[in-house]
Amino acid sequence: MILINLLPHREAARKRRRDLFNVSLGASALLGGIIAGSIFLWYQAAISSQQSNNALLDTEIKKLEAQIKDIATLESEISALRARQQAVEDLQSDRNLPVHLLTELVNQLPDGVYVNKMTQVDQSVTLTGVAQSNERVSELLRNLANNTPWFSKPELIEIVSGTASISAKEQKRVANFVIKVRLVRASEAEKNAAKMAADAASSPAQSASAVVAVPAKP
């Protein structure tokens with residue numbers, strides 16, 4: 001006997017494939033949603049963690065800024081205290097500056113040079129005087145520059161020829177000068193004196209070596 005299937009098997013197979021596709025599509029969508037949700041939650045957790053770290057860093061930065069301000073305030077106070085201490089030390093050392101000024105000026109004046117007027121403003125000293133010649137003025141400038149640790153930077157402001165009355169009938173030509181020189185503080189004068197002593201100690205040694213290096217004449 002021949003059996004003939006008159007049912008729509010092609011439509012049934014197509015329906016099964018459609019249902020399977022729909023199930024697969026729904027499963028894929030569900031899996032994709034789970035993956036996307038997991039990634040979203042992971043990013044949210046990472047963002048929250050980074051925000052908490054940023055908040056902690058901001059707090060620490062504010063603390064450090066406050067400490068830096070305190071340090072800057074302390075440094076300014078220390079600088080002010082050092083300036084006051086230096087001012088006190090300068091005042092104590094400056095008490096003897098007039099003595100050193102007069103003593104050194106007397107020691108450095110060459111013969112034939114006379115000071116008529118002396119003016120001091122802070123550490124600047126202006127000398128007004130008379131010399132027998134221009135060479136005497138030059139010698140005074142050299143002495144003030146090289147022979148004493150208490151003076152520095154001598155400067156010739158003015159030199160003018162003039163005459164001085166020796167007697168009723170005799171007059172002599174002289175040089176009227178104005179010199180400005182800087183009076184050195186005691187701490188700086190000690191350094192200058194040490195340097196001058198070192199230079200003086202090295203000069204004889206150099207001279208002796210130069211003498212030994214000269215060959216004897218036959």
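The structure is a predicted model, with a mean pLDDT of 82 for the protein and 87% of its residues at 70 or more. Where pLDDT is low, the predicted coordinates should not be read in detail.

**Confidence along the chain**

- Confidence in the protein is highest in strand β2 (residues 124-131), where the mean pLDDT is 92.
- The lowest confidence belongs to α4, with a mean of 65; this helix covers residues 186-213.

**The largest pocket**

- The volume of the largest pocket is about 160 Å³.
- Two or more residues of its lining come from each of α3 (134-146), β3 (151-165) and α4 (186-213).
- The greatest contribution to this lining is that of α4, which supplies four residues, although α4 is also the element in which confidence is lowest.
- The lining consists of Ala145, Asn146, Thr148, Pro149, Phe151, Ser152, Glu188, Asn192, Lys195 and Met196.

**Serine 152, a residue of the pocket lining**

- Ser152 is among the residues that line the largest pocket, and its place is in strand β3.
- Serine 152 has a relative accessible area of 16% and therefore counts as buried, the cut-off being under 20%.
- Beyond its neighbours within four places in sequence, serine 152 is in contact with Leu144, Val181, Arg182 and Val184.

**Residues with positive phi**

- Aspartate 122 is not a glycine, yet its phi is positive, at about 60°.
- The position of aspartate 122 is in the loop between β1 (113-121) and β2.
- Aspartate 122 counts as exposed because its relative accessibility is 69%, where exposed means over 50%.
- Lysine 153, likewise a residue other than glycine, has a positive phi near 55°.
- Lysine 153 belongs to strand β3, the strand that also holds serine 152.
- With a relative accessibility of 68%, lysine 153 is classed as exposed, whereas serine 152 is buried.

Key. Residues numbered from 1 in each chain as written. Predicted model: local features only at pLDDT ≥ 70, side-chain atom pairs only at ≥ 80, totals over all residues. Heavy atoms only, no water. 1 Å grid on protein atoms, 1.4 Å probe; cavity = no way out; pocket = protein on both sides within 12 Å on 5 of 7 lines; lining within 4 Å. Points joined across faces, edges and corners; volume = space filled by probe spheres on them. pLDDT = per-residue confidence, 0-100. Buried < 20%, exposed > 50% of the residue type's maximum accessible area, 1.4 Å probe, protein only. Contact = heavy atoms within 4.5 Å.
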